[in-house]
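I opened my notebook to record what I looked up, one topic at a time. The sequence and the structure come first.

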Amino acid sequence: MKALVAMSGGVDSSVAAALMLEQGHDVVGVTLKQWEGADGAMPVAGCCTVGDAEDARRVAAQLDVPYYVLDYVDEFRSEVVDRFGRSYMEGRTPNPCIECNRTVRFKALLERTHILGCDVLVTGHHARIRHAIDGYRLMTAVDGTKDQSYVLHMLGQEELAQIRLPIGEMTKAEVRERAAAMGLRTAGKPDSQDLCFVGHGDYRTFLREQFPDSARAGRIVDNEGHELGTHRGTVDFTIGQRKGLGIAVGEPRYVIDIEPRTSTVVIGKRRDLEVVGCDVDQVSFVAGSAPAEPEVTVKVRYRSRPVPARLEAVGSRWRVDFATPQLAVAPGQAAVFYRGEEVLGGGIIDATHRAA
Amino acid sequence: MLYLDHAATTVVRPEVREAMAPYLDQHYGNPSGVHRVSQRAKNAIEEARERAAALLGAARPLEVVFTGGGTESDNLAVAGVALAPGRRRGVVTTTTEHEAVLETARFLQRLGCPVAFVGVDRLGRLEPEDVGAAITADTSVVSVMAANNETGVVHPVARIARTVRAADPDVLVHTDAVQAFLAEDVTVADTGADLISLAAHKLGGPKGVGLLYVRDGVELEPVLHGGGQELGRRSGTHNVAGIVGMVAAMEASVADRPAFRARVGGARDAFEVRLGELIEGIERNAPVSARLPQHAHVRIPGVEAETLLIRLDQAGIAAAAGSACQSGAIEMSHVLKAMGMTETEAAGCVRFSFGWVNQPADGPRAAEMVADVVELLR
C-alpha cells in the first residue's frame with residue numbers, strides 16, 4: 001500500500017510516517033503550505049513555518065521517503081481563515097482546525113491522495129479508526145489527554161475508509177519514546193499550541209490586523225442593558241471569559257453574550273452562563289445516520305469532558321439537551337457526540353438555550 | 001532516474017573533477033600568501049583566468065573576476081555599476097530576468113536608483129527598440145539575460161547592445177549568460193556586452209563558483225568588502241579548486257558546443273515531437289526560432305504542475321516548474337506572469353531540460369514516460 005503522510009514537522013506525524021514504513025508500506029511525505037506572509041514566504045513562527053517544513057523534510061530524508069510541499073494557501077485562506085474571521089465577526093467562537101479538517105485536510109488533500117498515486121492518507125492525529133463488521137468507527141485516542149477526536153468528528157465512512165491514524169493507539173509518551181528510539185529529530189519537539197496561521201502572536205492580534213472591524217470599540221453592558229464600561233473590540237472576548245473585562249464589581253462576572261453588530265459585550269453572573277441545551281447545525285454522523293438511541297455524551301469544547309445529553313432532530317438541525325446545565329457553551333464551537341469511546345458525529349453550535 | 005532538470009544544475013564532468021582534485025589536498029594554499037604553497041595556488045587561478053579570458057575573447061585576463069556564482073556575478077554587475085563612484089544610478093532591465101538581477105534592481109530602487117523593467121511578448125521575446133526606449137539620462141547600466149533560465153528563450157543581446165549604444169554610448173550593457181553559455185556562442189564580440197555573468201555548475205562544473213567579465217576601464221563598487229582580492233572587486237579567499245573546475249567546465253562546454261547542439265538538441269526535439277503526438281493540446285512556451293536547444297518548456301492544459309512533478313518523480317523523471325520557495329512549494333513563475341499567462345495557465349507549465357549527458361534516444365523514451373504519467377492525471 002502507498003501512504004500519503006501529512007507531515008507537519010511535529011513528533012506525531014513523524015512517528016506516523018515511521019510506523020507506516022515499519023509496517024511495510026510505501027510512504028510519501030507531504031507538508032501543506034497553508035499560510036504565507038505578505039511576501040509570499042512561509043511564516044517563521046507558529047506551526048506551519050519554514051522551520052516545521054524543514055523538520056518534516058529532514059525526517060522524511062532520514063526515513064528515506066520522498067517529500068513534497070503542497071500549496072494550499074488559496075484554499076486555506078478562503079475556507080479556513082476567512083471563515084474564522086467572519087465567524088468571529090458574527091460573535092461566534094469558531095474552531096478553525098475543524099474547518100481545516102473538513103475542507104482542506106480531509107477533503108482537498110484526501111481527494112489529492114489518489115491523484116498523487118497513493119492509497120491512503122495518514123495523519124498524526126490522536127484518535128483511532130476501527131474497521132468493524134458494519135463499517136468504520138471513529139474512536140477516542142488511547143491517550144485521553146491528547147485525544148483529538150473532537151476535531152475529526154466530520155469524518156464519514158467514505159473518508160475513514162481512506163484514512164489511517166497510526167498513533168491513536170499510543171500514548172504521547174510512547175510516541176516520544178518511539179521517536180527517540182528511532183533517532184527522529186522531532187522526538188523532543190514541543191507540541192504546537194497556537195493556531196497555525198497566527199504564529200507567536202495571539203489570535204486576537206491576528207484578528208485585529210486581518211479583520212479590523214473586530215477591533216471596533218464598544219460598550220460593556222449587563223443583561224439589563226446598563227452600561228458598565230467600554231472595550232476596544234469584541235475580538236477581545238469569548239463567551240464564558242472572566243478575566244480582562246476591566247470591570248470591578250463584587251461578584252465574579254463573565255461574558256455571557258457578544259453582539260458584534262453593535263460591538264456590545266454583555267456580562268453577567270455565573271448562573272447567567274448556564275445553558276440547558278443548544279442547537280447544532282452542519283451535523284454529520286460517522287456511521288452515516290443518527291444513532292437509534294438518543295442518549296449520548298457531548299463535548300462542547302476541545303478541552304472539556306463529554307457530558308450526558310439527549311439528541312433530537314429539529315428540521316435540518318439537531319437539538320442537544322444537557323442532563324445538567326452547562327457553562328460557557330459558545331456558538332461556533334463544535335458539539336461532538338460520543339458513546340463511550342466511540343465518536344458518533346457532531347456539528348457546529350448555532351444557538352444556546354438558557355434555563356427558562 | 002531520468003534526470004531532465006539539467007537547467008537547474010547538471011552532472012560535474014569527469015575532466016572537471018579530475019582538474020579540481022589536486023587543488024583540494026595537494027595544492028591547497030591560499031593564493032594570497034607569500035610561500036611556495038600559495039604561489040602554486042595563485043598560479044592556478046591566474047592560469048585559469050587567462051584561459052577563461054581566452055574563451056570569452058576578453059582583451060586582458062584581468063577583465064575576468066572570479067565570484068561565488070551566478071547570483072554574485074549579477075549582483076556585482078548591476079549594483080557594482082549603478083553604485084560606482086561618479087556614475088549615473090539608473091538601471092534598465094527586463095521583467096523576465098533571473099531573480100539575481102531582478103532583486104538587485106529592486107534593492108537599488110529602494111536605495112533611490114531609478115529602475116525600469118522592460119516587458120516581453122507572449123513567448124517571452126524582447127524587442128531591442130523597447131530596451132532602447134527605456135534609456136533615460138539617468139541610465140547607467142542595461143541588464144538583459146542572454147537566454148532565459150526557465151523557458152530557454154534566447155534574447156538578441158548583440159542587437160540590444162547596439163541599440164543601447166546608439167541611444168547613449170555611456171550606458172554599460174550587462175548580460176547574464178549563465179544559462180546560455182552551454183549552447184550559445186558567448187564572447188565579448190558575440191554579445192557586445194561590457195559585463196557578462198557565468199556560473200560553473202550549469203556547465204558541468206562545481207557549484208558555488210562563477211565569474212564576471214568586466215570590460216577594461218569599467219569601475220565597479222564592490223559588493224563584498226574585505227581583503228581586496230580580485231583587484232578589490234571581489235574580496236574573499238579564492239575558491240581555487242572551484243575556479244580551476246570552472247575553467248575546465250567552460251573549456252569542455254565550448255569544445256562540445258556544436259556537438260551539444262546536435263546531440264542534446266536532437267534529444268529535446270525528438271522529445272517534443274513524440275510528446276506532441278502523445279499529449280493532446282500541449283504547447284511550447286518559447287519561440288522555436290530563438291531558444292536554447294536543451295529546454296522544453298511546455299504547457300499541458302488540464303494538468304497541474306505541482307501534481308505532475310510529484311507523479312513524474314514517482315515514475316523516475318526529474319523535471320521542474322516555476323521556482324521553489326523556501327518551504328519547497330512551487331510558486332507562480334514571474335517569467336510566465338510577465339509573458340501574460342494567467343495563474344491557471346502558468347500552473348500547467350513544466351520545464352524539461354536536457355544536459356550534456358543526454359543522447360538523442362533519451363528524447364522519445366522520456367516523452368513516452370511523461371505521456372504515461374499525464375495520461376494517469378487526465
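The entries below go from the model as a whole to each chain and then to single residues.

**Entry 1: what kind of model this is**

I noted that this is a predicted model, in which local features need pLDDT of at least 70 and side-chain atom pairs count only at pLDDT 80 or more, while totals for chains, interfaces and linings use all residues. Residues are numbered from 1 along each chain as its sequence is written, and chains are lettered from A, with ligands numbered from 1, in the order in which they are written. For chain B I found a mean pLDDT of 96, with 99% of its residues at 70 or more; pLDDT is the predictor's confidence in each residue, from 0 to 100.

**Entry 2: chain A as a whole**

I looked up the secondary structure of chain A and found 7 helices and 17 strands, where helices (H or I, at least four residues) and strands (E, at least two) are DSSP runs numbered from the N terminus. Its C-alpha trace spans about 65 × 50 × 35 Å along the principal axes. The radius of gyration of chain A is 21 Å, which agrees with the value near 21 Å for a compact globule of 356 residues; the radius is taken over C-alpha atoms, and the globule rule is 2.2 Å times the number of residues to the power 0.38. I also noted that 46% of the 356 residues of chain A are buried, a word that requires 20 or more other C-beta atoms within 10 Å of the residue's own, whereas exposed means 12 or fewer and partly exposed lies in between, with C-beta atoms placed from the backbone.

**Entry 3: strands in chain A**

In which order do the 5 strands of the open sheet in chain A stand? I read the order as S3-S2-S1-S4-S7, with parallel pairing; two strands pair if DSSP finds at least two bridges between them. Strands S3 (67-71) and S7 (163-164) of chain A are at the edges with a single partner strand each, so one side of each has no neighbour in the sheet. Inside this sheet I followed S1 (residues 2-6) and S4 (residues 120-122) of chain A, which pair in the parallel sense over 3 bridges, and A:Val5 has A:Val122 of S4(A) as its bridge partner.

**Entry 4: chain B as a whole**

Chain B has 13 helices and 14 strands. Its radius of gyration is 21 Å, close to the 21 Å that the globule rule gives for 378 residues, so chain B is as compact as a globular protein of that length. I noted that 52% of the 378 residues of chain B count as buried.

**Entry 5: a helix and a sheet in chain B**

Is helix H4 of chain B enclosed or open? I found that 13 of the 13 residues of H4(B) are buried, so this helix is largely enclosed by the rest of the structure.

I then turned to an open sheet of 3 strands in chain B, which has the order S9-S10-S14 and antiparallel pairing. Its edge strands are S9 (283-284) and S14 (349-353), each of which pairs on one side only. S10 (residues 295-299) of chain B is joined to S14(B) by 5 bridges, and B:Arg299 stands opposite B:Cys349.

**Entry 6: two residues with positive phi**

A:Ala328 is not a glycine, yet its phi is positive, at about 50 degrees. I placed A:Ala328 in the loop between S15 and S16 (334-339) of chain A, where this residue is buried, with 22 other C-beta atoms within 10 Å.

B:Leu231, also not a glycine, has a positive phi of about 55 degrees. I found B:Leu231 in the loop between S8 (210-214) and helix H9 (240-278) of chain B, and this residue is exposed, with 11 other C-beta atoms within 10 Å.
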